[in-house]
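Visitor: I would like to understand how the terms used for a protein model follow from its atoms. Could you take me through them one by one?

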Amino acid sequence: VATIADIAEAAGVSRGTVDRVLHNRGKVSAKNAERIRAAITNLDYKPNIFARGLSLSKVLRFGVLIPESRADMSYFSLPAQGIEKAQKELIGYQVKIDYYYYDYFSDMQEQKVCQQLLDSIDRLDGLIIVPALSRLAENFVRQIPPGFPYVFIDTHLPDTHCLSSIRTSPRQSGKLAARLMDMLIHQPGTVAVIRGLPENFLINDRVCGFREYFEGNPRIKTEVFDADRTLDRTIFAIITRKIVSGIGDLRGIFVPSSTTHLVAETLDELKVKGKVLLIGYDLTAMNVRCLKDDSIDFLISQRPETQGYESVYTLYRHLILKEEVPADVELPLDIVVRENVDYYIKVAK
Amino acid sequence: VITLDEVARLANVSRGTVDRVIHGRGRVSKETAKRVKAIIKQVNYKPNILARSLSLARTFNFGVLLPYANQDGNYWLLPRHGVERARRDLEVYKVSVSYVEYDKYSLSSFNAACDEILENRGDFDGLLIAPVLSEAMAKFIKRIPANLPYVFFDSDLPNAQSLTYIGEDSRQSGVLAARLMRLSVHKSGTIATVRVVPRNDHIDERIQGFTKGLLGDERLKLKVYECDRQADPDIFSKIFSRIIEEQGEKLQGLFVPMATVAPFARALRGLGLSDDVSLIGYDLTEENAQCVRDGSIRFLICQRSEYQGYESVNSLFRHIVLNQPVETRKFVPLDIITRENIDYHME
């Protein structure tokens, strides 16, 4: 078995230099780094991570840039459960997480929190980013030092140097919602789509996938209603009422965001529960409650806990095990109904 | 930090004795074990796993008792993939696995596999068991030595001393299937289901849950067809013909409470009935997946078979090597698979 000493000898450098290259730490000239990497490949060196874990009891510190999970954005509290699970599992390493929360509803391209994060990036080994506000995120990742590893979860941002993105396919999830509507609606009619945050590309992609499925379908028409960008309770109620009173042959409503429960509550008040099929997203506490009392028929879930869990492991594999990690991971889309919801919640906890 | 030496000194026993108590292996008098455990708790001793597995050079071998991979439409490949993944992950801790397989439609083959395990029991530190043949399995379980821990996956056996069960809640998965059936069938008529003999508790529970879930829907009448797979390997095509013959146009749905769904899907497709009869079954085997893609299977319910295999090995590892507590039962999520989400579930 090749050791660090063997690598150092083959590359004609000190053991410390090899160690710096292995850990991506400190300064090493490009030429030396190249020679060391070649020696590592030639000698098929595999770091003995367990011995190292014992001697160093290394601390890995990751920053997480994520929307603040207030009221209707409680979805963003879910990835943390998976992050915690990974922290516990990585015995031999102390994984520390610093959370940096940004405001999902602020239009500002710059938010103070991004600068704070950039200022302390030297103390971090990697970043996990939810790029829900694309302009903010684009601006932020441009300022990340070259070579510093970061992983996207929830959504992908094109044309960046991210190590990996771990997410579900929004377009395909829209198609899945459409298929469920198609199978479960008995009579011809109209399905309404309530688009909160119309400028959000994730939500938009879901709507596109949904409409694409019904293109040329003689049985079911779709009609899109835009809410303004606040995901506000009152606005959802007004739109829902407008849909119920205005569309004579209404068969179902599709809500491509985690605010599905707002529509459910209004349908309940209007006493049309059970007559109008409701399909939405995400296992937030409020949505789960509506699923259990039958005011939501189906929820599509995107495994936020797994996204958090995998993001920690991806950084760990890259930083410690020096493994190639997949650049794009598309996770399964879960179909959740009253009868199977409990198992998804248990797994999450 | 408290060391093993200190625990040994406080308990006035050798290091080896402390180690045996921690691992629950070898002979230690009850009184000594009790004293050692009390001291471990008192001084909050946490064994340093990494140091131990490096220094003791101890190896751990887990036996896996399961049906041949190619049975039930290659279903048994799925948990095996998970076992293999765990084996690779845990290789560094010197964990290995050995498979002992049997023909699930032959009692003598099963008994031979059990004997093989018992004869070589010294080679195993733990067992992973898929208890498919409920009755025969119950007999085998009684013969497993008390100091050999075992984990059930796929299905559970009540009243056994298994360390844990990792698999679905079978009854609830039947209830779920019934909900999907009610939602996807728009007319009134018959829903047919098949029950294979020799009976298996796990499959029976799915049918019970399904029956319960259909109650209250006056449009749908359930009819159960029994078929003896042991006596006739070609029984599924015969039973299908019988269902079609007896039910004709009344047939609205078909519930197949096991992994062998594809033959029914192909038969329905052959008769041009895929759009009229809602077919709901289990498990993401390759051939089932194909039928979901071509629309001849409406929904599959999946029980995270790969994860079951992975987590079974992991549970034994946590119990035996890390000496960590393990949940006594771990229900997996019941995944609903249809054409639009199947690709992501296949990986």
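**Terms and values**

Guide: Over all chains, the structure holds 38 salt bridges. This is a predicted model, in which local features need pLDDT of at least 70, side-chain atom pairs count only at pLDDT 80 or more, and totals for chains, interfaces and linings use all residues. Residues are numbered from 1 along each chain as its sequence is written, chains are lettered from A and ligands numbered from 1 in the order in which they are written, and side-chain values use heavy atoms, with hydrogens and water left out.

Visitor: Why is the pair of A:D182 and A:R219 called a salt bridge?

Guide: The term asks for a side-chain nitrogen of Lys or Arg within 4 Å of a carboxyl oxygen of Asp or Glu. In A:D182 and A:R219 the closest N and O atoms are 3.3 Å apart, so the pair meets the definition. The two residues are 37 residues apart and link distant parts of the chain, with A:D182 in helix α8 of chain A and A:R219 in the loop between α9 (201-214) and β7 of chain A. Such helices (H or I, at least four residues) and strands (E, at least two) are DSSP runs, numbered from the N terminus.

Visitor: How do you know that chain B and chain A touch?

Guide: Contact means heavy atoms within 4.5 Å, and by that rule 34 residues of chain B are in contact with 33 residues of chain A. The two chains bury about 3100 Å² between them, 63% of it on carbon and sulfur atoms, where buried area is the accessible area (1.4 Å probe) that two parts lose on being put together, summed over both. On the side of chain B, the residues B:R179, B:E340 and B:Y344 lose the most area to chain A, together 24% of what that side buries.

Visitor: Which salt bridges cross the interface of chain B and chain A, and how many are there?

Guide: The rule finds four of them across this interface. One of them is between the side chains of A:D334 and B:R304, with 4.0 Å from N to O. On the side of chain B that touches chain A, at least two residues each come from α4 (49-55), α9 (170-184), β12 (335-337) and α15 (342-346) of chain B. The largest share, seven residues, comes from α9(B).

Visitor: What makes β7 and β12 of chain A edge strands?

Guide: In chain A, six strands form an open sheet in the order β7-β6-β8-β9-β10-β12, with mixed pairing. Two strands pair if DSSP finds at least two bridges between them. β7 (220-226) and β12 (334-336) of chain A each have a single partner strand, so one side of each is left without a neighbour in the sheet. The twist averages 20° from one strand to the next.

Visitor: How do you know that β8 and β9 of chain A are paired?

Guide: Strand β8 (residues 250-254) and strand β9 (residues 277-281) of chain A run parallel and are joined by three bridges, and because at least two are required, they count as a pair. Within this pairing, A:G252 stands opposite A:L277 in β9(A).

Visitor: What is the pairing of β6 and β7 in chain B?

Guide: Strand β6 (residues 189-197) of chain B and β7(B) pair in the parallel sense over nine bridges. Here B:G189 stands opposite B:L220 in β7(B).

Conventions:
Axes fitted to C-alpha atoms, helices over the stretch in contact; angles between N-to-C directions.
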